[in-house]
Amino acid sequence: MKDPVVQFRDVNLSYGSRMVLQDFNIEIPSQQVVGILGPNGSGKSSFFRLIMGLNQPDDGEIAVLGHSPGWRNNHQIAYLPDRARWYGNHTVEGAIQWGGDLLPGFDSMKAKELAEWMEIDSSMRIDEMSKGQEARLMLIMCLARKVPLIILDEPFTGIDTHSRERIMDALIDYVTEGEQTILISTHEIYEAEGLFDSVFLINEGQVALSGEAELLRAEHGSMMQLVKKMSHGGRGL
């Protein structure tokens, strides 16, 4: 069995007096599409920021790709944060060129193919894009990288139905290659849960439930039902 891509042991994280993650333990399997699901404020984005070394835990142990989080191994991670933004004076073509120059493992030809398939005009300026077009471009910049770990934090939120469909189709086509670990946090669970090999449900700063997606659905019903139950204070999951 391969080593976990991400491993947290007894991690605590607080922002001032507010505890965000408490005695947090998780092992993310390699070469799977993994759903990181839970209600708002459950700690999902903070979990991703710890993986990237953008936050530091109060205590506990974290290993990402076999190393401590931070700049030494972030070149092996493609990270799409929630509410990501670009410099508006970039064109799509300029963004792809920038990616080829500066992002480790970036495949410019793959990015151009994805842009064409996602109906993104290479001459378009980013400050002229709709939110959906910009979301598609951000995803392209992640999926075009040949790195072992991809993190997508809410890639579907607040964008139009057409863009969600194109992004979902791209992910379905992309994940069949199976060579990378992809972590996806989303509230669009109904549309996305068919992608997941494994699921971790986070609630109140802890992993409330985890397992293979198909087994969880067989035992508990849809992922959406489980998250709704947690959102309303459900226990005994």
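Let's start with Glu119, which counts as partly exposed because its relative accessibility is 46%. By that I mean the band between buried, under 20% relative accessible area, and exposed, over 50%, with a 1.4 Å probe and protein chains only. Glu119 sits in the loop between helix 3 (108-117) and helix 4 (131-143). Helices here are DSSP runs of H or I with at least four residues, strands are runs of E with at least two, and both are numbered from the N terminus. The phi of Glu119 is positive, near 65 degrees, and this is a residue other than glycine.

A quick word on what we are looking at: this is a predicted model, where local features need pLDDT of at least 70, side-chain atom pairs count only at pLDDT 80 or more, and totals for chains, interfaces and linings use all residues. Residues are numbered from 1 along each chain as its sequence is written, and side-chain values use heavy atoms, with hydrogens and water left out.

Where else does a residue other than glycine have a positive phi? Have a look at Gln31, with phi near 55 degrees. Gln31 belongs to the loop between strand 2 and strand 3 (33-37), and it is partly exposed because its relative accessibility is 38%.

Now the helices. Seven of the nine residues of helix 1 (residues 44-52) are buried, so this helix is largely enclosed by the rest of the structure. The buried ones are Lys44, Ser46, Phe47, Phe48, Leu50, Ile51 and Met52. After helix 1 comes Gly53, with a positive phi near 75 degrees.

And which residues of helix 2 (residues 92-102) are buried? They are Val92, Ala95, Ile96 and Gly99. These residues sit on the same side of helix 2 because they cover an arc of only 100 degrees around the axis, the arc being that of the directions from the helix axis to the C-beta atoms. On the face turned away from that buried side, you'll find the exposed residues Glu93, Gln97, Asp101 and Leu102.

Finally, the strands. Gln7 is in strand 1 (residues 6-15) and counts as buried because its relative accessibility is 17%. The C-alpha atoms of Gln7 and Glu27 are 4.5 Å apart, although 20 residues separate the two along the chain.
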